[in-house]
Amino acid sequence: MNVHQRRSVPDTVLGESRNQLRLQSRSKYHPKGNSSKRYRFDLFTVLIWLFLFVVVSIEFLAFKALNHDTSSSSINAKELDAANGGVENGHEPTRRPTTKTFEPTTQARRWRVKAARKDSHENSFFWKTHVPDPIPPLPPDIDPETGQTLPPVVAYVVTLTKCPVSRTGSLDGAAVLLHSIRRNSYGWVPMKTRMNQSTSAQFNTSMWPLYGGDGGRYRYRAYAIVDAEASPEISTSHGDCARYLQRLGYIILHRPPLVPLFEITSEFFNMSGGNEFFNEYKNLGYFGKERSLSGPFARADGERADKLRLMMFNDGCCGYAETLKLHVYGLAEHKLAVHLDLDSLILRPMDDLFDVMLGKGTNEGNSNITVPLAKGPKTKMPDFTRSSDAAFTRDYNQVKSPSLGAAVGYQGGFLVLRPSLEVLERFRDILRRGEFILSQNKTKRGWGGKHGNYYGDKTFQGLLPYYYEDVAPKDEHNEIELDRCVYNQMADNPRKSTHKYPRATPLDPKAMGFRDTKVCRDGRKDCSDTDCQRVHPKDTVTTHFTFCKKPWHCSDGLPGTVADDTCKGLLREWFAVRRELEDYWMMSSSSDKEPSYSDSETLSAVQEHREGLSGHYLGYCKATEDSKAYLRLVEPDNPKTAK
């Protein structure tokens, strides 16, 4: 066939050939075929990403609006407050939204503000049908059998604000903490003595704690201050934590915030009805209700009325609910009270501190009654010739810019005090005044323009220093700042690190990737006398698992640092107290009021939960640094159920 003949091939044949080539080409580069479906799929993906971008952008703009100090705004807060009747009428003035800030109004509230208000109202309206639990009568001061005078009963208090769905190990922390209190208090019979008196099987005493456990000079009672959101009366899982604490032996005390975060209104719930306590609670006011309209503690121009409330709602670990800890001051039936976080442990009795706080021996001028004091720049020498009102430790790890004059909060996981209803009411007044200054100048930010610019500054950790150092009448209190390497020991490094966050001193800085600087966190030139990461557990009275991480997270300590031995020693002691607790429950009779192990299935489960890693874990972890590898404490089959 010649060229001209080839050109005469019919168009239909050529068209089929072209179609075949296009199909081959499409199958080569687009094996899935249908281009229209591919186009629709790509368009759908683009729309999804566009939607996500819009949502994130809106969230970011809302966050900026709610957290931006609008000092450049032309709105004058004081003038608007005065125009709306100020705060004396019990209502915060509302303000029109501007282009530079969001001011919540009755007509339009952003969802963040509304969510915070609703949460506050739900908490407040719980008290429409409930009242705070009374303190049960204390046991007699005289032994009815011997006629001897018994020592005071110290109140040990924990706070439960919520019962999270994922609560791996935290409830074990409550059980182990309570046992560490019990074994270092008056009336405790040492475990080895119990074992010798018991006819039950022998126990591996090498697994028991190395320190304490011989009782103490003071009796104890354990309380749990419970928020409405964690009440044991809640039938769902949200009430499980408080119910478990009851079974362990904690006395549950329902308590509301000293004043509501937001004013109680009918915005979400019906105001009619309610018990007498609810009506009284409404009349207490709310946070910031009595804040001055002028002067140094007034809101800055352009500062929104709800801005500080929102910041307190999200402050620290637990938000405004953290102020529930202040109710420890209300335990006036007790001469002494101790507030501890659930991740704390008592290694030895605190008897010496209790003696000092009660002024024992001062009539004879006994100057030998002392306790280890802090060595920081803000430490004041207490007067050991008279009783003391509070003992605390400071948390220099939260100081962002160390200096001798930098604001330092009290560590919120440890506080020993003499309860006082008068002091409790002073804290209520502080909250009503709401004198936390939101200044752009960080040195003038905080309670009274002094106590702020650190973690938890708006609630418990900032309120305490503000009260004792600024509000309380001069010389009325005789507070003690304790050596934080002995009490509330966290094994922390006194120096700043080149790492972004506080870190222990590395043994090999090059390998670890960070090193210590010469900057002391307390502002001094030499802070080697407060190097808690090098303090042996034998010199510790109480510890707080923060830097060493939680035992129920199967912490491996801090390998590669000088703090590793200290942390492993403290972690081992926690697991040892847990081991002793289990053996104590095995020794206890099922007829006792105390929890106990008695069923064979329970005892088998306890043994199975001891078959993990050796070392400082004592068998309670299957792997390191993994909370899922933690083997939970088996619940006693004969729990204490009485409230």
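**A covered helix and its surroundings**

Tutor: Helix α13 (residues 460–471) is mostly covered, with nine of its twelve residues buried. Buried means under 20% relative accessible area, exposed means over 50%, and partly exposed lies in between (1.4 Å probe, protein chains only). Helices (H or I, at least four residues) and strands (E, at least two) are DSSP runs, numbered from the N terminus. The model is predicted: local features need pLDDT of at least 70, side-chain atom pairs count only at pLDDT 80 or more, and totals for chains, interfaces and linings use all residues. Residues are numbered from 1 along each chain as its sequence is written, and side-chain values use heavy atoms, with hydrogens and water left out.

Which residues of α13 are buried? They are Phe460, Gln461, Gly462, Leu463, Leu464, Pro465, Tyr466, Tyr467 and Tyr468. What do they pack against? Their partners are β6 (390–392), β7 (414–417), α12 (421–433) and β9 (446–447). Contact here means heavy atoms within 4.5 Å.

Now step back to the loop between β9 and α13, where Asp457 lies. Asp457 is buried, at 3% relative accessible area. Leave aside residues up to four places away in sequence, and Asp457 touches Asp315, Phe436, Trp447, His451, Gly452, Gly462 and Leu463. Two of these contacts, Gly462 and Leu463, are among the buried residues of α13.

Asp457 also has a charged partner. Its side chain meets that of Lys458 in a salt bridge, 3.0 Å from N to O. A salt bridge is a side-chain nitrogen of Lys or Arg within 4 Å of a carboxyl oxygen of Asp or Glu. Side chains of opposite charge can pair when their charged atoms come close. Lys458 is buried as well, at 10% relative accessibility.

Next, the sheet. The helix packs against β6 and β7, and both strands belong to an open sheet of seven. The order is β3-β2-β1-β4-β7-β6-β10, with mixed pairing. Two strands pair if DSSP finds at least two bridges between them. At the edges are β3 (251–254) and β10 (480–481), each of which pairs on one side only. Helix α6 (residues 170–182) packs on the sheet and touches β1, β2 and β4. The direction of α6 makes about 155 degrees with that of β2. Axes are lines fitted to C-alpha atoms, for helices over the stretch in contact, and angles run from 0 to 180 degrees between N-to-C directions.

Strands β4 and β7 pair in the antiparallel sense over four bridges. Leu340 stands opposite Phe414 in β7. On to β1: three bridges join it to strand β4 (residues 337–340), and these two run parallel. Val157 has His339 as its bridge partner in β4. Strands β1 and β2 also pair in the parallel sense, over eight bridges. In β2, Val157 stands opposite Tyr223.

Is strand β1 enclosed or open? Eight of the eight residues of β1 (residues 153–160) are buried, so the strand is largely enclosed by the rest of the structure. Val153, Ala155, Val157 and Thr159 point one way from β1. Val154, Tyr156, Val158 and Leu160 point the other way, and all are buried.

Back to charge pairs. The whole structure holds 38 salt bridges. One of them joins Asp355 and Arg217, with the closest N and O atoms 2.6 Å apart. This pair links distant parts of the chain, 138 residues apart: Asp355 sits in helix α11 (residues 351–357), and Arg217 in the loop between α7 (191–197) and β2 (219–226). Asp355 is buried at 13% relative accessible area, whereas Arg217 is partly exposed at 42%. Arg217, Asp351, Asp352 and Asp355 are linked in a network of salt bridges.

Arg524 and Asp529 form another salt bridge, 2.8 Å from N to O. Arg524 is buried, with a relative accessible area of 18%. Asp529 counts as partly exposed at 34%.
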